[in-house]
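Walk through this model from its overall fold down to single residues. Keep the sequence and the 3D view side by side.

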Amino acid sequence: MSLVAISLAILSACIHALWNFYTKKSHPNASFFLIATLTGALMFSPILIVHSDTLLHHIPDRVWMLLIIAGLFMALYFISLARAYKEGELSIAYPIARAMPIIIVLAVVVYLGRADQISLQSVLGSILVVFGCFMIPLQRFNELRFSDYLNLTFVMALIAAFCSAGYALVDDEALRYFRNNNQLAIDNTSMTILYACLEASITSLWLALFIVIRKQGRIDFYQVICVNKWNAIVAGIGIILSYTLLLMALAFVENVSYIVAFHRLSIVLGAALGILILNEKLYPMKLLGMLIMLIGLLGVALG
């Protein structure tokens, strides 16, 4: 990985941990994330005007299709993440939702025939990250029970993890195709911001559909507008900045799995915020799990 990619990934990870901490405090739901994603789309909307010709005539149909799929994955990610935060602690839900996509992305990368781009050290590091992730919900290792993982927090965080891996892989494919399109007279940075704006807009449409078809969703949306809209706007700024930096980092690496892994530095930061500021309990197993994940992250980053 280049120094630029590492710097972008670290900055994105820090912002990601902060917006998740802020979101957990704000008791989020799908309506909260709808306001947040709309905020992100509006922030970058001027680029739609600047590049309106590119938007209307030169974005390939394949990219539009991938955007729709990525937006669906991201909407489901936000919905499941909100439920995980409602049911459990940040220091448990956040590491699980962030760590599991590493092994999923690696598996898909190998399936796509790119195994030669992944070192053995990176594979071992990823395994350590996942092992540490499964240690976090435990209070004592000698009391390991399957029931420790049969709770809504763990299940929803796991669903969020799969969705996170889904949109990361789709975004990587879409941006590679986007950047290799010779008809586009647009630099990589502008292209990334344009893509992030479009993805935020499409994610908002998926979230809006989920909210509108449910009576409780419509009630929740009204409550968020009346009580919680400013918190959602602040979270939205963090979400769009974090993800745009991550998309930019993808331009400097050959394999998306490295960025996905290194970006998981946010796992330790997010868990620490939950423990230190939200006063969540710090069990020895939770601490050991985070340390193992950190070692695994370093193995991936240096591999």
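In which helix is Val108 found? Val108 sits in α6, which covers residues 90-111. This is a predicted model, so every value below is computed from predicted coordinates. Val108 counts as partly exposed because its relative accessibility is 27%, between the 20% and 50% cut-offs.

Now zoom out. The protein has 13 helices and zero strands. Read from the N terminus, the elements run α-α-α-α-α-α-α-α-α-α-α-α-α. The chain has 303 residues, and 55% of them are buried. Take the contacts between residues at least 6 apart: 87% of them join residues at least 24 apart.

Leu128 gives another case of sequence distance set against spatial distance. Leu128 lies in α7, residues 120-135. Leu294 is 166 residues from Leu128 in sequence, but the C-alpha to C-alpha distance is 8.7 Å. Which residues does Leu128 contact, once neighbours within four places in sequence are left aside? They are Ile292, Met293, Ile295 and Gly296. Leu128 is partly exposed because its relative accessibility is 34%, which falls between 20% and 50%.

Turn next to α2, residues 30-43.

How many of the 14 residues of α2 are buried? The count is 11, so the helix is mostly covered. The buried set opens with Ala30, Ser31, Phe32, Phe33, Leu34, Ile35, Ala36 and Thr37, and also takes in Thr39, Gly40 and Ala41. An α-helix has 3.6 residues a turn, so residues three or four places apart point the same way. What covers the buried residues of α2? The cover includes α1 (3-25), α5, α9 and α10.

Ser204 shows part of that cover at residue level. Ser204 is found in α9. Beyond its neighbours within four places in sequence, Ser204 contacts Leu34, Thr37 and Leu38. Ser204 is buried because its relative accessible area is 3%, under the 20% cut-off.

Thr244 belongs to α10. Setting aside residues up to four places away in sequence, Thr244 touches Phe44, Thr192, Ile193 and Ala196. Thr244 is also buried, because its relative accessibility is 5%.

Next comes the largest pocket. It holds about 370 Å³ of space. Its lining counts 17 residues. Asn29, Ala30, Arg83, Lys86 and Asp220 lie nearest the centre. Which helices each supply at least two lining residues? They are α2, α5 (61-87), α9 (188-212) and α10 (215-250). The largest share, five residues, comes from α5. By class, the lining has seven nonpolar, five polar and five charged residues.

Finish with backbone angles. Most residues other than glycine have a negative phi, and most peptide bonds are trans. Two residues here are worth checking against that. His27 is not a glycine, yet has a positive phi of about 55°. His27 lies in the loop between α1 and α2. Is His27 buried or exposed? His27 is exposed, because its relative accessibility is 66%, over the 50% cut-off.

Asn279 is the other residue to check. Asn279 has a positive phi of about 60° and is not a glycine. Its place is in the loop between α12 (265-276) and α13 (284-302). Asn279 is exposed, with a relative accessible area of 64%.

Definitions and conventions:
Residues are numbered from 1 along each chain as its sequence is written. This is a predicted model: local features need pLDDT of at least 70, side-chain atom pairs count only at pLDDT 80 or more; totals for chains, interfaces and linings use all residues. Side-chain values use heavy atoms; hydrogens and water are left out. On a 1 Å grid over the protein atoms alone, a cavity is a set of points where a 1.4 Å probe fits but cannot get out, and a pocket is an open set with protein on both sides within 12 Å along at least five of seven lines; lining residues have an atom within 4 Å of a point. Grid points are joined across faces, edges and corners, and a volume is the space filled by probe spheres set on the points. Helices (H or I, at least four residues) and strands (E, at least two) are DSSP runs, numbered from the N terminus. Ala, Val, Leu, Ile, Met, Phe, Trp, Tyr, Cys and Pro count as nonpolar, Asp, Glu, Lys and Arg as charged, and the others, Gly among them, as polar. Buried means under 20% relative accessible area, exposed over 50%, partly exposed in between (1.4 Å probe, protein chains only). Contact means heavy atoms within 4.5 Å.
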